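Here is a colleague's note on the structure below. Please read the points with the structure open beside you.

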Amino acid sequence: MDPQRGKATRTAPKARACAPKASAPSAKGAARKPNESPVVPAAARPNAQRRGSTRSSGSQQKESAPGPQERPPARARCAGAKKAPLSAEDAVDGQEGLAEGPLPPAAMRPPLSRDGSRRTGGARSAPGRRPRPAPAVLHGPDPLVAARILGGKEAPPGTWKLQAVLEKLRLRRQEISAAAEVVNRVVDHLLRRVQSFESEFKDVTLLRAGSYYEQVKISAPNEFDVMFKLSLPRIELQEYGDSGAHYFVKFKRNPKGNPLRQFLEGEFLSASKMLLKFREIIKGEIKNIKDTDIKMERKKKGSPAVTLRITKPKVISVDVILALEAKANWPPSTQEGLPISNWLGRKVRRSLRQEPFYLVAKHAKEGNDFQEETWRLSFSHTEKYILKNHGQSKTCCEAEGVKCCRKDCLKLMKYLLEELKNKFGNQRCLNEFCSYHVKTAFLHICTQQPDDRQWQVKDLEHCFDHCVAYFLEYLRTEHLKHFFIPGVNLFSPDQIKKMSKAFLSKEIEYQRLKGFPLFQ
């Protein structure tokens, strides 16, 4: 846990939380210690031993070139590099299912009134300049940062065209249908083939994952993530170093006769050996899929995904991930994670923690290399459930229920990062960021603002600006905790360079100040 993290409470606001006044907090503002934490597993320490010190935890998982008016007077640049394509969202982000289901509501906070029309003592307040939206409570070491972001400047009026942007990002039904047909055919074929083997992977089942299945995919249905999960009974986890996210996996009993025995490296189940065999099976089978042109992309070092590129009948990227399903208690490193009690309720949190967790073959970093026997925790199923059931009200965003703008804000944040990466494609530092950073930050913001009335569709502009302010603060403090593993800081120096965070922060601040010209 970050030793600098201060305590903070939120006084009952009178103005809408997505657009709070940037006033200094009261003396009480340092009373409550936030539960939240920031995003993706931190790599193991560079000087760790090959297997590190292990401790047992019981078993358990383009925009055209910008015109002169777009350029700031002096913006930081990071070292240039070859233009790299946008990477797919971290394969561990997703889950299955599409329906927007209900969740038990947590205690509702007082309703927040609309800026400029708040009634005091029965009379309408005098009209005035609308204050710049800023977070009421920030999850970081400095609770006063809201008043300092952009030097207290306000986004110019008349520049928000967010609904038009969302319409542009909306997936078309015809495109979805065509893409889904191709992907389902390919995935079903591969699943049947893998299950037909009379050995190691015959018991795999399918778990659909990623932004498409979370219903937050933007622009085009051209990237899909699917997990081939393999349930492992009676396994034991040993934490790699003090990472909290990476583990060695071994069987509690002698795996004699177990088809996975061939993948043992000493007493541990080797992630690299299993992934290699899995790739061989997929590679040998894709040529047998009719009416589809598919090729397997070269393996990325440290990546758990087998990436397939479909070029006919449509251009689609599919990440196939092998995952171990652990039906046991979640590891101790997750004990303080999943801070949704004030948002979705304690019962929901308890129920989610009773679900299995997953381990994927994403290796721990070891100096300039990787520890290839290690597995990384994955909570794809939980993330998808939360995003599908995101409201305190059971009917939030259902057909007959009241709509909120949470997912719209997430889509806009993802689009902002995507467009910045497109614009500065030759800047290596932006390649360090991915949509999973945005998603994790967004989940933390939702825990800070849990009330459905704080996310009304009519307040989309303020809510989005509020989300951007929070993300800027995570970049400024270089602290973004993994949502499930609080001891992991996604924005730590060993994860992302300080120069990269400064560059992205400056570009986002410029876009925010100018009314997001990238969206135009």
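1. A residue counts as exposed when its relative accessible area is over 50%, and as buried when that area is under 20%. Asp291 comes out at 65%, so it is exposed. Bear in mind throughout that this is a predicted model.

2. Stay with Asp291 for its backbone. Its phi is positive, about 60 degrees, although Asp291 is not a glycine. Most residues other than glycine have a negative phi. The residue sits in the loop that links helix H3 (271-286) to strand E10.

3. Phe516 also deserves a look. Phi of Phe516 is near 55 degrees, again a positive value in a residue other than glycine. Find Phe516 in the segment that follows helix H9 (498-513). Is Phe516 buried or exposed? With a relative accessible area of 2%, Phe516 is buried.

4. Ser303 is a loop residue, placed between strand E10 (293-296) and strand E11 (305-312). Its relative accessible area is 17%; the cut-off for buried is under 20%, so Ser303 counts as buried. Which residues does Ser303 contact, leaving aside neighbours within four places in sequence? They are Leu275 and Ala361.

5. Next, helix H6, residues 406-423. At 1.5 Å a residue, its 18 residues should span 26 Å. The C-alpha atoms at its ends are 26 Å apart, so the two values agree. Of the 18 residues of H6, 14 are buried, which means that the rest of the structure largely encloses this helix.

6. Helix H5 (residues 380-388) is largely enclosed too, because eight of its nine residues are buried. Among the buried residues are charged-class members of H5: Glu383, Lys384 and Lys388. Ser380, His381 and Thr382 are buried as well, as are Ile386 and Leu387.

7. Ile386 belongs to H5. Its relative accessible area is 0%, so Ile386 is buried. Not counting residues up to four places away in sequence, Ile386 touches Leu338, Ile340, Trp343, Leu344 and Leu352, and also Leu443 and Phe483. Take the pair Ile386 and Leu443: they lie 57 residues apart along the chain, yet 8.9 Å separates their C-alpha atoms.

8. Now the helix pairs. Two packed helices are described by the angle between their axes and the distance between the axes. For H5 and helix H7 (residues 435-448), the axes come within 12 Å and cross at roughly 55 degrees. H5 is therefore oblique to H7. The crossing of H5 and H7 is left-handed.

9. Which residues form the contact of H5 with H7? From H5 come Glu383, Ile386 and Leu387; from H7 come Tyr436, Lys439, Phe442 and Leu443. By class, that contact holds five nonpolar residues, two charged and no polar ones.

10. Helix H8 (residues 460-477) packs on H9 at an angle of about 155 degrees, and their axes are 9 Å apart. Angles over 145 degrees count as roughly antiparallel, so H8 is roughly antiparallel to H9. The crossing of H8 and H9 is left-handed.

11. On the H8 side, the contact with H9 uses Asp465, Val468, Ala469, Phe471, Leu472 and Leu475. On the H9 side, the residues are Lys501, Leu504, Ser505, Ile508, Glu509 and Arg512. By class, the contact of H8 with H9 has seven nonpolar, one polar and four charged residues.

Note on methods
Residues numbered from 1 in each chain as written. Predicted model: local features only at pLDDT ≥ 70, side-chain atom pairs only at ≥ 80, totals over all residues. Heavy atoms only, no water. Helix = DSSP H or I, 4+ residues; strand = E, 2+ residues; numbered from the N terminus. Buried < 20%, exposed > 50% of the residue type's maximum accessible area, 1.4 Å probe, protein only. Contact = heavy atoms within 4.5 Å. Expected span 1.5 Å × (residues − 1). Axes fitted to C-alpha atoms, helices over the stretch in contact; angles between N-to-C directions. Parallel < 35°, antiparallel > 145°, perpendicular 65-115°, else oblique. Left-handed = near helix turned anticlockwise from the far one by under 90°.
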